[in-house]
Amino acid sequence: MSSSKPYRAPVLADVAKAAGVSVPTVSRVLNGTKNVAPELAERVHAAVKELGYRPNSAARSLRLSQPNLISIIAEATTSTYGYAGTLRGVETAAQRAGMSVSITIVASDEDESVMRAIDLALSQPIGGVIVLEFRRAGIKVSRALPESLPVVAAGGGSERTDGTLAALIDEAAGGRQVTEYLLRQGHRTVHHIAGPTAGKTSGRTEGWRAALHDAGAEVPTVMSSEWDALAGYRWGERIAGRDDVTAVFCGNDEIALGVMRALADRGIDVPGDVSVAGFDGHPLVSLWRPSLTTVEQDFEDLGARAFGLLSQRLQGVGGLQSSVVKPQLVVRESTAPPRR
């Protein structure tokens with residue numbers, strides 16, 4: 001979503017016009033004054049909701065043509081590699097542009113937590129919002145923000161169909177790339193351990209499945225996992241005794257490291273007996289033994305692209321389009337042609 005004009009937050013006069021009442025009436029309703037007819041109060045509240053009016057410092061700041069503070073809304077897992085890298089990318093780009101960044105944490109994907117985070121973010125004098133949409137809570141935040149607010153989403157995907165301006169990493173292209181590579185190595189199929197779907201279809205899984213279909217290979221049942229190494233270890237225990245598993249594509253690097261450790265503990269050689277590949281490109285996986293083949297995502301670039309889009313939006317640049325980048329396959333020691 002883009003606009004050729006600088007953003008202007010809704011003010012009391014806008015609410016009054018939409019509700020068909022006077023500005024003093026709107027003020028009395030919002031201040032909790034009791035001598036307002038219930039029917040008028042209902043119309044005012046409906047207009048407030050429709051316009052996304054916020055009677056706070058955020059609204060006052062957004063009337064300025066050059067706001068110097070933006071908000072990032074992210075989940076509580078900001079210490080993980082992908083979140084931390086994206087935050088760093090936004091902050092670095094904002095500093096170079098002479099702008100400041102505030103970070104608001106969403107405790108969970110429950111409606112109350114989502115609205116509490118939005119209210120907290122918009123209580124500050126911000127010019128716009130970047131939402132990290134890696135999991136369900138971020139997606140719900142984007143859907144609940146006022147339509148009149150400048151918003152850019154950052155996450156995985158190749159396009160947006162809801163009109164939201166976004167910086168994206170094409171996870172489906174990455175999933176396809178690593179699966180095709182493993183098939184070229186001679187593996188008859190590739191098994192897949194997927195992380196939680198966050199309420200949407202996983203691009204990583206989509207790419208994996210599409211590559212197998214196109215190659216005419218068997219499409220095994222997806223193994224569902226949490227994102228952590230311990231969950232990967234448990235799946236590694238389960239597949240250690242299976243003769244049909246020669247290649248495993250894991251939803252992220254932590255899962256992959258857990259799988260490799262479980263296989264090693266049971267005398268299964270990686271990559272001689274089973275090839276293992278991850279996703280994300282965590283810097284430490286190159287030091288693992290064997291070093292991990294992975295699909296590398298540039299999260300700092302993702303954050304910088306998200307800020308760039310929001311900055312242009314705030315400057316009134318028209319015709320903006322979402323930014324999509326494909327991740328890169330990095331081949332290391334954990335993958336090889338099958339022995340059997």
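At what angle do helix α8 and helix α9 pack, and how far apart are their axes? Before turning to that pair, note that this is a predicted model, in which local features need pLDDT of at least 70 and side-chain atom pairs count only at pLDDT 80 or more, while totals for chains, interfaces and linings use all residues. Residues are numbered from 1 along each chain as its sequence is written, and side-chain values use heavy atoms, with hydrogens and water left out.

The predictor's confidence in each residue is given as pLDDT, from 0 to 100, and its mean over the chain is 85, with 86% of the residues at 70 or more. Over residues 1-7 the pLDDT is below 50, and this stretch has 23 contacts in the model beyond near neighbours in sequence, a contact being heavy atoms within 4.5 Å. Residues 57-65 also have a pLDDT under 50, and for them the model has 22 contacts beyond four places in sequence.

The chain's secondary structure comes to 12 helices and 12 strands, which are DSSP runs numbered from the N terminus (helices H or I, at least four residues; strands E, at least two). Of the 340 residues, 51% count as buried, where buried means under 20% relative accessible area, exposed over 50% and partly exposed in between, with a 1.4 Å probe and protein chains only. Among contacts between residues at least 6 apart in sequence, 72% join residues at least 24 apart.

To return to the opening question, helix α8 (residues 171-184) and helix α9 (residues 203-215) pack at an angle of about 40°, and their axes are 6 Å apart. Such axes are lines fitted to C-alpha atoms, for helices over the stretch in contact, and angles run from 0 to 180 degrees between N-to-C directions. The two helices α8 and α9 are therefore oblique to each other, since angles under 35 degrees count as roughly parallel, over 145 as roughly antiparallel, 65 to 115 as roughly perpendicular and the rest as oblique.

A second pair is formed by helix α6 (residues 111-122) and helix α7 (residues 136-144), which pack at about 60° with axes 10 Å apart. These helices, α6 and α7, are therefore oblique to each other, and α6 passes α7 in a right-handed crossing. Asp-111, Val-114, Met-115 and Ile-118 in α6 meet Ala-137, Lys-140, Val-141 and Ala-144 in α7, and the residues of this contact divide into six nonpolar, no polar and two charged.

Strand β9 contains Asp-280, which has a positive phi of about 135° although it is not a glycine; at 14% relative accessibility, Asp-280 counts as buried. The loop between β9 and β10 holds Leu-284, which counts as exposed at 55% relative accessibility.

Conventions: Left-handed = near helix turned anticlockwise from the far one by under 90°. Nonpolar A, V, L, I, M, F, W, Y, C, P; charged D, E, K, R; others polar.
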